[in-house]
Structures are given as C-alpha cells and as structure tokens.
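Here's a quick briefing for anyone meeting this structure for the first time. Take a look at it, then read on.

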Amino acid sequence: MTSPDRAPETTPPAVYTGEGDAWLPDALSRGPWDPRAQHGGAPAALLAHIAERAAPGPGWQLARLTLELVKPVPVAPLVTRTQSQASRATVRVGIDLLAGDTVVARAHALLLKTSPLTLPSNLPAGDAPRELRPLPEDCTERLRIPGLPDGLSFHQTAVESRLAQGDIAQPGAGAAWFRLAVPLVRGVATSPAMRAAAAADFGNGLSWVLSPADFLFSNADLSLNLFRVPEGEWIGLRASTEMHAGGAGLTVSHLYDTRGLIGLATQTLVVRERAAAT
C-alpha cells in the first residue's frame, strides 16, 4: 500500500493490487469521512469483480449486487471468502470481505446467463426517464460536494465526475456522470459492472439534502440492479434522497450509460449530527 504522500511509482496507480483472495488497497480508495476508511464505491466495484470471477464461463452478466457495509472498510490489507451456487440460468455468489479476522463488508450477487431475445418494439416504459442528458462530453463542471475535504481519494482522484443536472451547491436531487480514471484492480480490465458499482455509491453525495458540515450521512449498504450491460466508460446517476428525523435516510439512483437507462441503485443512510466544536 502506498503512503498518504505517495512515493513515485514505476507502474500506473490502481485502487487495489490483488493476489489470489488478498487485496491491498491504495490511498486512492479513501473516502470522504475518514482518511483511514475507504469510499463505498471502491469495495463495491471490487466485490463486483469477485462476483464476476464466479461465472462458469462467458455469457453471464451481473444482474444484482447487494453490499452490506458492516464496518468502515479500512485502507489496509483485506481478504475475501467466496461461496457460489450455480444453475443453468443463474449463479448466486456470497462474498465476505475481511480485515484481519473481522468481516467489514458482505455481498450477495446474482449473475444471469444471457439469452438474446426479439422483443416487441412497443413495450411500455417505466416511470424513470429513458435517457440522461446532457451527455458527459457536453458537461464541464466537476462534482464537488460542499463540506467534504479535498485530497487524494477515491471520489476526487480515482474517479472523474461531470455534473449533468442540478446545482451541487444547493441541497436536492441531482444528476452526474462518473468514470474511473485509474484501473480498479492492477493488471485487470475494468468490467462494465465494476464501473456501475463504483459509480452507484455516489448517489447520496450527489443528492445531499443535509449539510456535510453539520451532519454525517454515510450509507450502510448499497443495492444495485442492472437489467442491461453498460456500454462505454461513463456511468450516469440521477439521484434523490429522503431523510427522517429518526436518523435514517434513503437514496434512490437511476443509472445510465450514454445510450440510456441501465438499472437502479438504493442506499440506506445512517444520519447523525456532527459533534459541535469546543
């Protein structure tokens, strides 16, 4: 693992370096709440990769990934333990992510065997917009959430962002495009599902409704459903957040590629007031 000040590298940086079931996170995995803890998008994408490795061959796609963030995932050596069950049409994968002997995250994934179909051209559409516009090449403003620190991190360094809709300086729903600026795993091609999982965890920050200077609203889980394999490097999110005075919140994000809608993500938020400065 690189130091916070990052020594010079002879190879391009990556969020993780893997060897078998062991994973060494780089400082690029850092999240916004604590420099010792990872951004949720980093382990989400890593667990999507591990789930895809369980496919028995080509022609399978990740349709669902549910991630429980049991504890803050540390920027420290990690290991994974995996179990899978396969049938003719599905593979179900359970993954534990451990720091030492402690489970810090747990994922359940569903892979589907792809089967090309000829569908009617007049299928009714759902409630979500079928496309996210403007496209990333027509967006110029970077996503910078007020109150979150700058510095080497997953959300500011490993991921490139472009605001598509809304005013990030104001609370409320918003939309943005995201793409990984570095490899997720050193020496491994980043798959479309890994890109979607990395982006899906940005929903609660994109659609913030409480000031990060006064409140913590970290997500305790992430559920991602994909009905279509994303195309291209950019993943779009159109996100909205609801909060309750009991200390819970919910973020719902529709996911897009530049062709249109690809899926849905939800996050359960743990909402707490920040301690007043003394």
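Let's start with α3, where 8 of the 9 residues are buried, meaning under 20% relative accessible area, with exposed being over 50% and partly exposed in between (1.4 Å probe, protein chains only). Keep in mind that this is a predicted model: local features need pLDDT of at least 70, side-chain atom pairs count only at pLDDT 80 or more, and totals for chains, interfaces and linings use all residues. Residues are numbered from 1 along each chain as its sequence is written, and side-chain values use heavy atoms, with hydrogens and water left out.

**The helix**
- The buried residues of α3 are Ala193, Met194, Arg195, Ala196, Ala197, Ala198, Ala199 and Ala200.
- Helices are DSSP runs (H or I, at least four residues), and so are strands (E, at least two), numbered from the N terminus.

**The cavity**
- A search of the whole structure turns up 1 cavity of 30 Å³ or more; a cavity is a set of points on a 1 Å grid over the protein atoms alone where a 1.4 Å probe fits but cannot get out, and lining residues have an atom within 4 Å of a point.
- The largest cavity holds about 50 Å³ of space, the volume being the space filled by probe spheres set on the points.
- β8 (174-180) and α3 (192-200) each supply at least two residues of its lining.
- Among the lining residues are Phe178, Arg195, Ala198 and Glu233.

**The surface**
- Leu117 sits in the loop between β6 (102-113) and α2 (154-158).
- Leu117 counts as exposed because its relative accessibility is 64%.

Definitions and conventions:
On a 1 Å grid over the protein atoms alone, a cavity is a set of points where a 1.4 Å probe fits but cannot get out, and a pocket is an open set with protein on both sides within 12 Å along at least five of seven lines; lining residues have an atom within 4 Å of a point.
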